[in-house]
Amino acid sequence: MMSRTYEDVTRYVEDQSQGKCKVLSAKTEHTFDDLGHKVNVWNVKTDNDGDWWVVEGDQSPMNLYPQGAYYFSADEVYSFHIGIMQRMFSTHDTYNPEDYVKAVTLDNDIAPTLFRKLKNISALIDTAIEIEDFQAIGVQCREILIELGNSIYKPEMAGDEEQPQASNFKKKAELFIKSYMSGSENSEYRSIIKKMTEGTWDYACKITHSQTATFYEVSTCVSLIISLVNMYENVRQKSSDPISQFQCPNCKSKKFNVTDSEHDENGVISKLFLQCEECGEVTQIDFIEK
Ligand SMILES: [Zn+2]
C-alpha cells in the first residue's frame, strides 16, 4: 500500500463529513516508524467542521480523529490508533469458536453432535451482519434445543403420560428433569434449570422472527444455548457420578482416592472403598440399583 497524497487525505476528510465541509489545509505533522512501517499523522483544518488528525500508513487503513476535545497531539493520536489496530487484528486472529464453547462449558464433555453444532453457531456469530444472519442463528439455536431434547429424552420417562411430539423440546426437558432430578434436595437446582430451559427456548424463538435483533441479543442467545446444553450434561453426569456428593465422615474433606472396588455378577460396581487424602479414614460405599 502506497502512502497517501495530499489529495487522498483531503478527499477522505470531505467524504467523511458527507460534503458538509471543505479542507483548508492538510500537512504531515509527524511520521512514525518505530513499529517497522511508516505511519503518518496529518494535521487537517476545515472551514466549518473543525480540525482533524488523519492517520494513515503503508500497512494501516486511513482513520480520522477530532483534534482539541479528545486528542491534543500527534503523539496521542498515534498511540490511540496503534492500540485500536492491534486490538482489531489480535481479536480477529485469536477468536476460535471451539475455545469459546469450551470456555462457557468449562471444558466439559459434550455429546459430539451437540458440540459440533455449538461450535457452528459460535462461528456464525463472528461473521453475522445482516438481520437475516441473526434470524438464521436463531433458527439454528432452536434446532440445537430440539437436538438436545432428543439426546436427553428416553420414552420411558413419560411414564403414564402421552409421548411428547418429536420436536417438543420443552416437554421432553420437563420429563427428563422429573426423572433425573426428583427429591427435595434437588428443588433449587430443578427450579433454575426449568427457568433457564423455558427462557432460552422462548428467546431463541423470538430471535428467529426478530426484525430488530442486533449482535448483542444474538450473542446472548448463543451463550444461553451453550450454557443450557452444558447444564443438562451436568445433570446427566451428576447422576452417573454418585461419589460426587461424598464427604469424609471423619473430617468432611472431599479429597479422596478410590482404594478398592467390588463388582456384581454383571461386572457393575457394587462397592467402593474411598480413602480420605486428609485424614486417612477409609469409607465403604454401597451402590444400590437405581
Ligand atoms: Zn478425612
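**Exercise 1. A loop residue**

Where is the place of K252?

*Solution.* Step 1: K252 sits in the loop between helix 8 and strand 5. Helices (H or I, at least four residues) and strands (E, at least two) are DSSP runs, numbered from the N terminus.

Step 1: before going on, a word on the model. This is a predicted model, in which local features need pLDDT of at least 70 and side-chain atom pairs count only at pLDDT 80 or more, while totals for chains, interfaces and linings use all residues. Residues are numbered from 1 along each chain as its sequence is written, and side-chain values use heavy atoms, with hydrogens and water left out.

Step 2: look at the backbone. K252 has a positive phi of about 70° although it is not a glycine. Most residues other than glycine have a negative phi.

Step 3: check the surface. K252 is exposed, because its relative accessible area is 55%. Buried means under 20% relative accessible area, exposed over 50%, and partly exposed in between (1.4 Å probe, protein chains only).

**Exercise 2. Another positive phi**

*Solution.* Step 3: with 67% relative accessibility, Q18 counts as exposed.

**Exercise 3. The zinc site**

Which atoms coordinate the zinc ion?

*Solution.* Step 1: the zinc ion is coordinated by C248 (SG), C251 (SG), C276 (SG) and C279 (SG), at 2.3 to 2.4 Å. Donors are N, O and S atoms within 2.8 Å of the metal (3.2 Å for Na, K and Ca); water is not among the atoms, so sites may look incomplete.

Step 1: read the spacing along the chain, which for these donors is C-x2-C-x24-C-x2-C. C251 in the loop between helix 8 and strand 5 and C279 in the loop between strand 6 and strand 7 are 28 residues apart, and this pair links distant parts of the chain.

Step 2: turn to the geometry. The four donor atoms subtend angles of 103 to 117° around the zinc ion, so the arrangement is tetrahedral. Four donors count as tetrahedral if all angles lie between 85 and 135 degrees; four count as square planar and six as octahedral if opposite donors are over 155 degrees apart and all others between 65 and 115, and anything else is irregular. For four tetrahedral donors the ideal angle at a metal is 109.5 degrees.

Step 3: compare accessibility with the cut-offs. C251 is partly exposed, at 32% relative accessible area, and C279 is partly exposed too, at 35%.

**Exercise 4. A serine in the loop**

Is S253 buried or exposed?

*Solution.* Step 1: S253 is buried, because its relative accessible area is 11%. Step 2: its place is in the loop between helix 8 (215–239) and strand 5 (256–263). Step 3: leaving aside residues up to four places away in sequence, S253 touches Q247, C248, C276 and E278. Contact means heavy atoms within 4.5 Å.

**Exercise 5. Salt bridges**

With which residue does E278 form a salt bridge?

*Solution.* Step 1: the partner of E278 is K255, and their closest N and O atoms are 2.7 Å apart. E278 lies in the loop between strand 6 (269–276) and strand 7 (282–286) and K255 in the loop between helix 8 and strand 5, so the pair ties together parts that are 23 residues apart in sequence. A salt bridge is a side-chain nitrogen of Lys or Arg within 4 Å of a carboxyl oxygen of Asp or Glu.

Step 1: by this rule the count comes to 13 salt bridges. Among the residues involved, E161, K171, E174 and K178 are linked in a network.

Step 2: R11 and D8 form a salt bridge, with the closest N and O atoms 4.0 Å apart. Both lie in helix 1 (residues 6–16), three residues apart, about one turn of the helix.

**Exercise 6. A hairpin**

How many residues lie between strand 3 and strand 4 in their hairpin?

*Solution.* Step 1: there are two residues between strand 3 and strand 4. Step 2: strand 3 (residues 51–57) and strand 4 (residues 60–66) pair in the antiparallel sense over five bridges. Two strands pair if DSSP finds at least two bridges between them. Step 3: G57 stands opposite S60 in strand 4.
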